[in-house]
Amino acid sequence: MSTQIQSWEELIFPVIVIYLLSCNVAFSSTENWYAIRNSEGTIGKSPIHLSLQSYSFGGQANIKGSYYYDKYRSPIPIFGIKTPTSTTLCEIHSKKEYNDCLKKGIKYDVSTCPFQLSIHDNVMIGIWSNQGKTFKVNLTESSSLDSHIYKKASTAI
């Protein structure tokens with residue numbers, strides 16, 4: 001089950017981000033108030049693509065994005081908490097969950113989130129667990145963009 005995006009603003013930003021990241025160039029910076037990381041890998045044996053936008057300001061959730069199974073190519077919105085060594089991600093399955101968690105910032109119980117990942121360099125490994133099913137997750141960063149590079153590019157225009 002996936003959430004339908006209602007406004008053009010919610011649709012256009014991911015399109016722009018995907019376009020910018022299609023160059024497959026990785027950047028790094030010490031100024032990371034905003035960063036985008038794209039990864040490829042598997043949940044169990046199923047190939048997936050995952051895109052995360054992280055922020056170093058705001059409420060409890062400091063990361064959001066989406067992932068999709070390569071077989072279906074239907075994005076599943078996600079949000080969660082990222083620390084320097086781990087990431088916990090929750091899936092969004094309805095417009096109400098989207099509004100409550102991402103727009104209103106209502107707190108949530110991270111222990112119920114299906115993704116529990118640890119970060120090692122450009123690799124995230126861990127588990128996806130939901131409704132009694134558990135699968136290993138293995139993701140490798142394929143591209144990234146951070147606020148420092150964005151600022152340089154926007155001032156050059």
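**View A. A salt bridge between Glu141 and Arg37 in the predicted model.** In this predicted model, the side chains of Glu141 and Arg37 come together in a salt bridge, with an N to O distance of 3.7 Å. Glu141 belongs to strand S8 and Arg37 to strand S1, so the pair ties together parts that are 104 residues apart in sequence. Glu141 is partly exposed, with a relative accessibility of 24%, and Arg37 is likewise partly exposed, its value being 22%.

**View B. Strands S1 and S8 and the barrel to which they belong.** Strand S1, residues 34-43, runs antiparallel to strand S8, residues 133-146, and nine bridges join the two. Within this pairing, Glu40 stands opposite Thr140 of S8. Eight strands close into a barrel, in the order S1-S2-S3-S4-S5-S6-S7-S8, with antiparallel pairing. From one strand to the next, the twist averages 30°. As a general point, strands of a sheet pair through backbone hydrogen bonds, in either a parallel or an antiparallel manner.

View C. Ser39 is found in strand S1 and counts as buried, its relative accessibility being 5%. When residues up to four places away in sequence are left out, Ser39 touches Ile48, His49, Leu50, Met124, Leu139, Thr140, Glu141 and Ser142. Among these contacts, Glu141 is the residue whose side chain meets that of Arg37 in the salt bridge of View A, while Thr140 is the residue opposite Glu40. Two further contacts of Ser39, Met124 and Leu139, are bridge partners of each other, with Leu139 lying in S8.

**View D. The hairpin of S7 and S8, with Gln131 between the strands.** Strands S7 and S8 pair in the antiparallel sense over eight bridges, and Met124 has Leu139 of S8 as its bridge partner. Two residues lie between the strands of this hairpin, in which Gln131 takes a positive phi near 50°, a positive value in a residue other than glycine. Gln131 lies in the loop between strand S7, residues 123-130, and S8, and counts as exposed at 78% relative accessibility. A positive phi in a residue that is not a glycine is found also at Arg73, where the value is about 55°. Arg73 lies in the loop between S3 and strand S4, residues 76-82, and is exposed, with a relative accessible area of 56%.

**View E. An aromatic cluster of Tyr67, Tyr69 and Phe115.** The structure holds three aromatic pairs, and ring pairs link Tyr67, Tyr69 and Phe115 into a cluster. The ring centres of Tyr67 and Tyr69 lie 5.7 Å apart and their planes meet at 65°, so this pair is edge-to-face. Both Tyr67 and Tyr69 are buried. For Tyr67 and Phe115 the centres are 5.1 Å apart and the planes are at 85°, so this pair too is edge-to-face. The pair links distant parts of the chain, with Tyr67 in strand S3, residues 63-69, and Phe115 in strand S6, residues 115-120, a separation of 48 residues. Phe115, like Tyr67, is buried.

View F. Helix H2 spans residues 95-103, and its buried residues include Tyr98, Asp100 and Cys101. After H2 comes Gly105, which has a positive phi near 70°.

**View G. The disulfide between Cys90 and Cys113.** A search of the whole structure finds one disulfide, formed by Cys90 and Cys113, whose sulfur atoms are 1.6 Å apart. Cys90 lies in strand S5, residues 86-91, and Cys113 in the loop between H2 and S6, so the pair ties together parts that are 23 residues apart in sequence. Both Cys90 and Cys113 are buried.

Definitions and conventions: Residues numbered from 1 in each chain as written. Predicted model: local features only at pLDDT ≥ 70, side-chain atom pairs only at ≥ 80, totals over all residues. Heavy atoms only, no water. Buried < 20%, exposed > 50% of the residue type's maximum accessible area, 1.4 Å probe, protein only. Helix = DSSP H or I, 4+ residues; strand = E, 2+ residues; numbered from the N terminus. Pairing = 2+ DSSP bridges. Axes fitted to C-alpha atoms, helices over the stretch in contact; angles between N-to-C directions. Phe/Tyr/Trp six-rings, centres within 6.5 Å; stacked < 30°, edge-to-face > 60°. Disulfide = S-S within 2.5 Å. Contact = heavy atoms within 4.5 Å. Salt bridge = Lys/Arg side-chain N within 4 Å of Asp/Glu carboxyl O.
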